[in-house]
Amino acid sequence: MKFIDTDHPFYRPLWRRLLLVGFCAAWTAVEFYNGEQTWATIFLVVTAYAFANLILFFKPSDPAAKPPEEGGETKG
């Protein structure tokens, strides 16, 4: 089950992915600073998941590629 659909065009630019991960990391720091250990741990996991999916393992799909047609029939 994917929580982040990395094939969505929104995640294509690097700056958006970095901004999202940076925001999660900043929110984690805010929670730790305020002494909220439970929320900080939750956001630490969210940050790690977002970092892994959006930065480390991100492979953009080719927008020109179309999925194969079902049925095995060819047109023409």
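P13 sits in the segment before helix α1 of this predicted model. P13 and P60 are 47 residues apart along the chain, and their C-alpha atoms are separated by 9.7 Å. The protein as a whole has two helices and zero strands.

**Overall figures**

- The protein has 76 residues, and buried residues make up 18% of them.
- The accessible surface amounts to about 6300 Å², and carbon and sulfur atoms account for 66% of that surface.
- Counting contacts between residues at least 6 apart in sequence, 58% join residues at least 24 apart.

**Helix α1: the buried position V21**

- V21 is found in helix α1, which spans residues 14–33.
- The relative accessible area of V21 is 10%, so V21 is classed as buried, the cut-off being under 20%.
- Neighbours within four places in sequence aside, V21 is in contact with T47, A50, F51, L54 and I55.
- One of these contacts, F51, is 30 residues away from V21 along the chain, with a C-alpha separation of 5.9 Å.

- V30 is another residue of helix α1, and at 36% relative accessibility V30 is partly exposed.
- A nonpolar patch on the surface is formed by F23, W27 and V30; together these residues have about 300 Å² of accessible area.
- An α-helix has 3.6 residues a turn, so residues three or four places apart point the same way.

**Helix α2**

- Helix α2 covers residues 37–56, which is 20 residues.
- From its first C-alpha to its last, α2 reaches 26 Å, close to the 28 Å expected at 1.5 Å a residue.
- The buried residues in α2 are A40, T47, A50, A52 and L54.
- Helix α1 is included in what covers the buried residues of α2.
- A50 touches I4, V21 and I55, when residues up to four places away in sequence are not counted.

**The nonpolar core**

- The largest nonpolar core has six residues, namely I4, Y11, V21, A50, L54 and F58.
- In soluble globular proteins, nonpolar side chains tend to be buried together.

**The segment after α2**

- F57 lies in the segment after α2.
- At 61% relative accessibility, F57 counts as exposed, because this value is over 50%.
- F57 and T6 are 51 residues apart along the chain, and 9.7 Å separates their C-alpha atoms.

Conventions. Residues numbered from 1 in each chain as written. Predicted model: local features only at pLDDT ≥ 70, side-chain atom pairs only at ≥ 80, totals over all residues. Heavy atoms only, no water. Helix = DSSP H or I, 4+ residues; strand = E, 2+ residues; numbered from the N terminus. Buried < 20%, exposed > 50% of the residue type's maximum accessible area, 1.4 Å probe, protein only. Contact = heavy atoms within 4.5 Å. Areas by Shrake-Rupley, 256 points an atom, 1.4 Å probe, with all protein chains shown as cover. Patch = residues over 30% accessible without salt bridge, like charges linked within 9 Å, V, L, I, M, F, W, Y side chains within 5 Å. Salt bridge = Lys/Arg side-chain N within 4 Å of Asp/Glu carboxyl O. Core = buried A, V, L, I, M, F, W, Y, C linked by side-chain atoms within 4.5 Å. Expected span 1.5 Å × (residues − 1).
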